[in-house]
Amino acid sequence: MPIRRKRSSPTMEESRSKRPKYSQARRCPSSGSELFNGKQCIAWFHEYTGPDEDTLGPDGMEKFCEDIGVEPENIVMLSLAYTLDAKSMGFFTLAEWLKGMTELQCDSVSKIRQKLEYLRNLLDDSVQFKNIYRYAFDFARDKDQRSMDMDTAKAMLTLLLGRKWPLFTSFHQYLDQSKYKVINKDQWCNILEFSRSIAPDLSNYDEDGAWPVLLDEFVDWYRDQRQMLS
């Protein structure tokens with residue numbers, strides 16, 4: 001999950017007014033007799049922020065990733081952000097942190113480390129992966145734009161589809177030379193469906209299908225490239 005530094009943080013008064021109250025202890029099913037402690041979870045959050053800050057930003061995110069032994073660009077961080085329902089890439093609010101960590105029953109570095117495998121396994125479930133993929137569009141785009149800029153789109157597609165889609169390298173090359181500067185949400189969602197339903201040799205591609213023009217043009221480009229190499 002690339003760390004993004006551009007974001008307008010809420011004012012201190014707004015943050016304090018939205019600060020969640022959470023002190024109830026809950027039993028963590030995966031930790032035997034250990035209890036999830038909300039106050040401890042909040043204290044853990046503030047190890048990465050100032051004592052009165054309710055937003056964990058890029059500097060704190062780097063420290064958090066270092067503590068749990070994961071690179072910020074690792075896809076497991078996207079799975080974690082999805083579980084927290086984080087709204088902006090590179091930032092976790094206290095409310096998001098408490099929501100996700102309560103669900104995971106984690107209030108310490110040691111506990112979240114034990115959950116990394118679970119978070120990775122979410123990406124192996126086809127339904128969950130689709131949810132995470134769709135979530136990634138709104139998570140990664142600039143919030144003042146309806147579309148995702150092409151550099152961010154290519155980075156996120158590499159993270160999500162780079163190892164899953166046999167045609168991804170060719171698709172990335174196509175995007176590099178294409179006229180497109182942004183990816184909209186319809187295109188984003190259809191790229192995943194295309195990667196799942198169309199054979200690597202494009203034998204089942206239907207020219208009369210309802211694919212976005214971006215994907216029709218990719219097919220034309222890909223076939224032209226194959227012809228030049230044959």
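# A guided tour of the model

The protein has 11 helices and 6 strands. Helices (H or I, at least four residues) and strands (E, at least two) are DSSP runs, numbered from the N terminus. This is a predicted model, in which local features need pLDDT of at least 70 and side-chain atom pairs count only at pLDDT 80 or more, while totals for chains, interfaces and linings use all residues. Residues are numbered from 1 along each chain as its sequence is written, and side-chain values use heavy atoms, with hydrogens and water left out.

**Whole chain**

Start with everything selected. Of the 230 residues, 49% count as buried. Buried means under 20% relative accessible area, exposed over 50%, and partly exposed in between (1.4 Å probe, protein chains only). Now turn to contacts, meaning heavy atoms within 4.5 Å. Among those with a separation of 6 or more, 67% join residues 24 or more positions apart.

**The core**

Select Phe64, Phe92, Trp97 and Trp188. These have the most contacts inside the largest nonpolar core, which has 71 residues. Helix α7, residues 126-140, gives the most to this core: 8 residues. A nonpolar core is a set of buried Ala, Val, Leu, Ile, Met, Phe, Trp, Tyr and Cys residues joined through side-chain atoms within 4.5 Å.

**Leu157**

Next, select Leu157 in helix α8. Is Leu157 buried or exposed? Its relative accessibility is 0%, so Leu157 counts as buried. Show what surrounds Leu157. Beyond its neighbours within four places in sequence, Leu157 is in contact with Tyr133, Gly162, Phe168, Phe171, Leu175, Trp188 and Ile191. Trp188 is also one of the residues with the most contacts inside the largest core. For a distance check, pick Leu192: it is 35 residues from Leu157 in sequence and 9.3 Å away, C-alpha to C-alpha.

**The largest pocket**

Stay with helix α8. Its residues 150-161 supply the largest share of the lining of the largest pocket, 3 residues. Select the lining: Ile75, Leu123, Asp124, Thr158, Leu159, Leu160, Arg163 and Lys164. On a 1 Å grid over the protein atoms alone, a pocket is an open set of points where a 1.4 Å probe fits, with protein on both sides within 12 Å along at least five of seven lines; lining residues have an atom within 4 Å of a point.

Colour the lining by class. There are 4 nonpolar, 1 polar and 3 charged residues. Ala, Val, Leu, Ile, Met, Phe, Trp, Tyr, Cys and Pro count as nonpolar, Asp, Glu, Lys and Arg as charged, and the others, Gly among them, as polar. The volume is about 280 Å³. That is the space filled by probe spheres set on the grid points, which are joined across faces, edges and corners.

Most residues other than glycine have a negative phi. Two stops go the other way.

Select Leu202, in the loop between α10 (185-197) and α11 (213-229). Leu202 is not a glycine, yet has a positive phi of about 65°. Leu202 is buried, with a relative accessible area of 2%.

Then move to Gln105, in the loop between α5 (94-104) and α6 (109-122). Gln105 also is not a glycine and has a positive phi, about 60°. Gln105 is buried at a relative accessible area of 8%.

**Cysteines**

Step along to Cys106. Cys106 is buried, with a relative accessible area of 0%. Cys65 also counts as buried, at 1% relative accessibility. How many disulfides does the structure hold? It holds 0. The test is a pair of cysteine sulfur atoms within 2.5 Å.

Select Asp67 in helix α3, residues 58-68. Asp67 counts as buried, at 17% relative accessibility. Apart from neighbours within four places in sequence, Asp67 is in contact with Tyr48, Val109 and Arg113.

Asp54 comes next, in the loop between α2 (38-45) and β3 (55-56). Asp54 is buried, with a relative accessible area of 8%. Its C-alpha lies 8.6 Å from that of Phe92, 38 residues apart along the chain.

Finish on Phe91, in the loop between α4 (75-84) and β4 (92-93). Phe91 counts as buried at 5% relative accessibility. The C-alpha atoms of Phe91 and Leu56 are separated by 5.5 Å, although the two are 35 residues apart along the chain.
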